[in-house]
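Trainee: I have a new model to look at, and I would like to learn how to read it. Could you walk me through some of its features?

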Amino acid sequence: MPVSPAYRPDPRFIDLGPDYGDPVQAADFPQTILRVRNDRAAASVGLETLSDDEWLAHFGRFAPLPGQPGPIAMRYHGHQFRTYNPDIGDGRGFLAAQLRETPQAVSLRGGGDRENKSVRLLDLGTKGSGQTPWSRHADGRLTLKGGVREVLAAAMLESLGVPTCRILSLVETGEALDRHDEPSPTRSAVMVRLSHSHIRFGTFQRAAYYGRKDQIETLLEHARSLYHPTVAPGDAPGFLAAVVEASARLMAKWISAGFVHGVLNTDNLNVTGESFDYGPWRFLPHYEPGFTAAYFDSEGLYAFARQPEAVFWNLTQLAGCLKLIAEPQVAALTEALNGFGPAYIRHLRAAFLNRLGVKSLSEAADQRLLDATLALLRDKGEALRWEPLFFDWFGGFSSSARALGGVRGKTYQGEAFDAFRFALLEHEPDRPERLELPMFAVAEPEEMLIDEVEALWSAIEQGDDWGPLHAKLARLDAARSAWAL
């Protein structure tokens with residue numbers, strides 16, 4: 001297989017042993033039609049040189065990549081809408097490979113901290129690849145529409161600088177699937193995501209459920225050494241603090257992007273603070289704290305503004321697992337857990353400044369701008385969509401002429417706007433040369449509201465027209481470069 005010289009297999013999860021996963025085989029699909037191939041993501045692990053036939057062999061038929069042992073369905077439990085479920089695991093997916101990043105990918109990722117400059121271990125995980133021991137009588141398949149939605153969610157989040165998995169591949173598989181919550185039969189697909197770890201909170205929960213302190217200790221050392229190497233061996237509170245920090249940063253980035261995940265169960269959060277598994281997601285059309293993404297979230301448990309609360313609750317469950325091996329360190333675990341609130345607010349200020357394209361001034365001034373931005377969005381309601389506000393005022397007060405002379409110019413008036421403008425005026429633009437890019441010369445930003453998502457799917461469903469989807473993905477990639485977040 002002609003992978004690039006930078007390809008570095010490193011299947012570390014297998015080293016954990018059989019208590020954490022089960023060898024499985026992918027389904028034998030009637031067809032494998034390549035629909036989405038993310039070569040930029042593939043290049044980050046040295047796979048961009050695969051031919052389309054080789055791509056389909058590895059990501060449609062799942063022939064193991066060189067140096068990989070074969071698919072492993074991972075074992076985990078989880079709280080689902082805060083009800084504990086011990087009967088879950090990888091029911092329609094598996095860990096297909098683990099690879100090291102290329103040095104070029106590290107340099108492009110940048111970052112100032114030690115962990116962000118290191119060569120990361122990345123997972124290739126599947127969705128829709130067939131039944132496993134954890135399928136619970138389900139078919140182990142993914143609808144093509146579900147795959148398209150995941151591609152769009154990940155691309156939009158990445159363009160906005162949110163820590164997210166990247167969808168490496170989407171292959172249509174030629175089966176007709178029956179689903180109770182959408183028109184059936186519907187088309188099928190198998191998806192591969194590139195993620196920074198599939199070690200979930202629920203992975204720890206399974207070990208705790210069976211009282212296996214030895215497994216928790218093994219998981220802690222595995223996750224610490226690979227994903228939070230600055231934490232000392234055996235330091236459970238230090239590990240929890242690192243996960244808390246990463247999770248707080250993720251939450252702040254989601255809120256600044258106006259994103260609602262929809263299903264924040266403990267099996268849908270991982271130890272690296274990178275989001276994945278996009279089912280009933282939505283982006284806010286406008287400021288609405290109670291906005292939900294899942295039709296079955298009747299109580300609004302995972303509504304937009306309740307997401308930080310949900311993540312903190314999930315972190316509390318992780319802390320409970322670690323307590324089993326760190327009983328004398330309960331106070332330190334509690335201190336680490338209680339660090340979530342301050343970390344979230346700190347990251348939220350930074351995220352909003354980042355989205356507005358301005359530099360930090362001081363904690364008080366930055367908080368003023370955060371509060372004023374949210375107040376303006378709340379005050380204008382449906383008249384001001386979430387994403388256009390950040391688009392119009394990107395670059396700070398230097399964008400006044402562009403914003404006030406644009407299609408929303410008349411919206412920017414009143415007391416809430418005056419407070420926003422004053423707070424923005426205090427902050428210096430950050431890398432204002434970005435405003436010279438063509439994206440900022442148009443009237444509207446790239447958004448990902450539900451009507452557009454449905455229109456993109458309709459073109460595929462009715463006419464097998466993939467052009468609009470690929471055009472949207474190209475525009476999101478251009479936006480990613482322009483925002484440079």
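Trainee: Which residues line the second largest cavity?

Mentor: A cavity is found on a 1 Å grid over the protein atoms alone, as a set of points where a 1.4 Å probe fits but cannot get out, and lining residues have an atom within 4 Å of a point. Here the lining of the second largest cavity is made up of Met156, Ala257, Gly258, Phe283, Leu284, Trp386, Glu387, Glu447, Met448 and Leu449. Before we go on, note that this is a predicted model, where local features need pLDDT of at least 70 and side-chain atom pairs count only at pLDDT 80 or more, while totals for chains, interfaces and linings use all residues. Residues are numbered from 1 along each chain as its sequence is written, and side-chain values use heavy atoms, with hydrogens and water left out.

Trainee: How many of those lining residues are nonpolar, polar and charged?

Mentor: The classes go like this: Ala, Val, Leu, Ile, Met, Phe, Trp, Tyr, Cys and Pro count as nonpolar, Asp, Glu, Lys and Arg as charged, and the others, Gly among them, as polar. For the second largest cavity that gives 7 nonpolar, 1 polar and 2 charged residues. Its volume is about 60 Å³, where a volume is the space filled by probe spheres set on the points, and grid points are joined across faces, edges and corners.

Trainee: How many cavities of 30 Å³ or more are there, and what lines the largest cavity?

Mentor: There are 6 cavities of 30 Å³ or more, and the largest has a volume of about 70 Å³. Among the residues lining the largest cavity are His58, Phe59, Phe62, Pro64, Phe94 and Leu124. Helix H2 (52-59) and strand S6 (95-100) each supply at least two residues of that lining; helices (H or I, at least four residues) and strands (E, at least two) are DSSP runs, numbered from the N terminus. By class, this lining has 10 nonpolar and 2 polar residues, with no charged ones.

Trainee: Let us turn to helix H6. How many of its residues are buried?

Mentor: Buried means under 20% relative accessible area, exposed over 50%, and partly exposed in between (1.4 Å probe, protein chains only). In H6 (residues 201-209), 8 of the 9 residues are buried, including Phe201, Phe204 and Arg206. Their cover includes strands S4 (78-80) and S5 (83-85) and helices H7 (213-227), H8 (236-257) and H9 (307-323). After H6 comes Gly211, with a positive phi near 65°.

Trainee: Is Ser197 buried or exposed, and what about Arg431?

Mentor: Ser197 is buried, at 0% relative accessibility, whereas Arg431 is partly exposed, with a relative accessible area of 33%.

Trainee: What does the side chain of Asn38 reach?

Mentor: A polar contact is a pair of N or O atoms within 3.5 Å; within protein, one must be able to donate a hydrogen and the other to accept it, and residues adjacent in sequence count only if both atoms are side-chain atoms. The Asn38 side chain reaches the backbone nitrogen of Ala41 at 3.0 Å, and one of its polar atoms lies 3.2 Å from the backbone oxygen of Ile167. Asn38 is in the loop between strand S2 (33-37) and helix H1 (39-43) and is buried, at 18% relative accessibility.

Trainee: Where is Val190 found, and what is it in contact with?

Mentor: Contact means heavy atoms within 4.5 Å. Val190 is in strand S10, and, leaving aside neighbours within four places in sequence, its contacts include Phe29, Phe59, Lys127 and Val171. Val190 is buried, with a relative accessible area of 0%. From Val190 to Glu172 the C-alpha to C-alpha distance is 6.5 Å, although they are 18 residues apart in sequence.

Trainee: Finally, how many disulfides does the structure hold?

Mentor: A disulfide is a covalent bond between the sulfur atoms of two cysteines. The cut-off is a pair of cysteine sulfur atoms within 2.5 Å, and this structure holds 0 disulfides. Cys165 is buried at 0% relative accessible area, and Cys321 is buried at 5%.

Key. On a 1 Å grid over the protein atoms alone, a cavity is a set of points where a 1.4 Å probe fits but cannot get out, and a pocket is an open set with protein on both sides within 12 Å along at least five of seven lines; lining residues have an atom within 4 Å of a point.
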